[in-house]
Structure formats: C-alpha cells, structure tokens
Amino acid sequence: MKKIVILFAFLLFTAFYTGASFAYQIKADAQTKRIPAGTKLQLEAANTVTTETLRKGDMFSSYLTQDIYTDGLVVLPKGTLVRGNTANVIRKKRLSKSAVLYLNFDHVVAPNGKQLPIRAGISANLKLTNDGGIGGGGYKEAFLENADKSGNIIKKSVDWGVNSGEELFKGGKYLVTPFAAIGGTLAGGGYLLCDSIADIFRQGNAAVIKKGQRFEIMLIEPLDVPVY
C-alpha cells in the first residue's frame, strides 16, 4: 500500500512538473512587439455609425488601412479588425444643435486571433468637439454658415453684373454692376435673415461615420502585440 501511495505521488509530481515546464515553454516562446503610445492608426469604417440609430453600448467595427510596423516588422497588418462601443449619444435638438457621438475603441484582433485591449481616441478626419465627441455645433455655426452663403450670393451677383455689362457694350459693367450689387445685397441679406430665423426652430445634424469612410485614431497607451 505504501508503494502505491509513493508511486501515485511520483506520477502526480511528474504530471505537474511536465505541465509547468510546458506552460513555461509556451510563455518563453511567445514574444511581443510594442506599438508606442502616440502611434496613429488609419481606419476605415466597416459599417455606418450614426446617432440616428445607435444607442449607448452598441458595438462597431473598423479596419486598418495600412500596415503597422515595429522594428521593421509588420505587427498589425492592413485589414486588422479594430472594434469598439458607443460610450454616449447626444441627440440633435432645436436651435440647430447637432448631435454628438462618443466612441470607445477597446480592442484589436491580432494576427494570431487574440483580442488585445487598447486605449485610443479619434485624432483626425472627423469633426470633433472639445471633449473628443464626433459632430456637435449649434446656432452660432449655423448663422456663420448662412453668412457665408449670403456672401456668396452677393459675390455671384456682382460677378454677373461685371460679365453681363461687358457683354452688352464696352464699359457696360460700370452701369450694370451697381444694380447687380444692390440686388445681390438684398437677396443675400434676405437669405441670411430668413434662414437664420428658420435655424431657431430647425434641428441640428446627425453625427455620422459612413461605411467606408476613413479616419484616424491615436493610441493613448502603448500596445504590446504577440509575435512568434
């Protein structure tokens, strides 16, 4: 009986030692390459993301459009999946107040299939609020946009006066242009007034990233990617 107990203990120890050695060997064989914080990743939206349909917690996906290198080695190839979730949604409102969409980028899928957690934020190619949301803007922006359109109406009217006057007769621009400028000013001013009043009651725009749209995120923390 004593021999059986000793044999059982020996087998148990051997199995434990072998398993530990195997686990150590796997750990020893696994190496990582670090992508430093501040690295910018170029992404393409895999699906349309919009405040019209999204709710807090909804998932979204995107893909890398360029290889990411570390020490001359491709650690994240083009096409790598980058996923995240909706952190918050602020719906569009009256007074032309546009919606704001907040996104979390929480992991990438490494070449070996492992999901690696990341911390990153959008850094370019999208309209951003001061706190990192997508979209935003209100009555002030709408008024300034109306002012730009009003200015374009006046400019086109003046240009029309110059060109049309010269077509009528030489020096005719000096006769036609003042009337065109007055007409353009009235039209532009009327547009600015009417559309600015309408913007008080008008809802703002939705915040949208369309499928296939490209944008950029930046790593807030370094990312260690397993390589073999």
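The largest nonpolar core of this predicted model comprises 33 residues. Within this core, L103, F105, I217 and L223 have the most contacts. Such a core is a set of buried Ala, Val, Leu, Ile, Met, Phe, Trp, Tyr and Cys residues joined through side-chain atoms within 4.5 Å. Buried means under 20% relative accessible area, with a 1.4 Å probe and protein chains only. At least two core residues come from each of β2 (40-45), β4 (59-64), β6 (73-76), β7 (81-90), β8 (100-109), β9 (115-124), β12 (214-219) and β13 (223-227). Strands (E, at least two residues) and helices (H or I, at least four) are DSSP runs, numbered from the N terminus.

Residues are numbered from 1 along each chain as its sequence is written. Local features need pLDDT of at least 70, side-chain atom pairs count only at pLDDT 80 or more, and totals for chains, interfaces and linings use all residues, while side-chain values use heavy atoms, without hydrogens and water.

F105 has 3% relative accessibility and therefore counts as buried. Neighbours within four places in sequence aside, F105 is in contact (heavy atoms within 4.5 Å) with L43, F60, S62, V82, R83, G84, I118, R119, A120, I122, F215 and I217.

Two aromatic pairs are present in the structure. Rings of Phe, Tyr and Trp (its six-membered ring) pair if their centres lie within 6.5 Å; planes under 30 degrees apart count as stacked, over 60 as edge-to-face and the rest as tilted. The ring centres of F60 and F105 are 5.2 Å apart and the planes stand at 85 degrees, so this pair is edge-to-face. F60 belongs to strand β4 and F105 to strand β8, so the pair ties together parts 45 residues apart in sequence. F60 is buried, as is F105. The pair of F105 and F215 is tilted, at 6.2 Å centre to centre and 45 degrees between the planes. This pair links strand β8 with strand β12, its residues lying 110 apart. F215 also counts as buried, because its relative accessibility is 3%. F60, F105 and F215 form one aromatic cluster.

The largest pocket holds about 400 Å³ of space. A pocket is an open set of points on a 1 Å grid over the protein atoms alone, where a 1.4 Å probe fits, with protein on both sides within 12 Å along at least five of seven lines; lining residues have an atom within 4 Å of a point. The lining has 26 residues, and S96, S98, E145, G204 and N205 lie nearest the pocket centre. β10 (134-135), α2 (139-168) and α3 (173-201) each give two or more residues to this lining. The largest share, five residues, comes from α2.

Technical notes
Points joined across faces, edges and corners; volume = space filled by probe spheres on them. Buried < 20%, exposed > 50% of the residue type's maximum accessible area, 1.4 Å probe, protein only.
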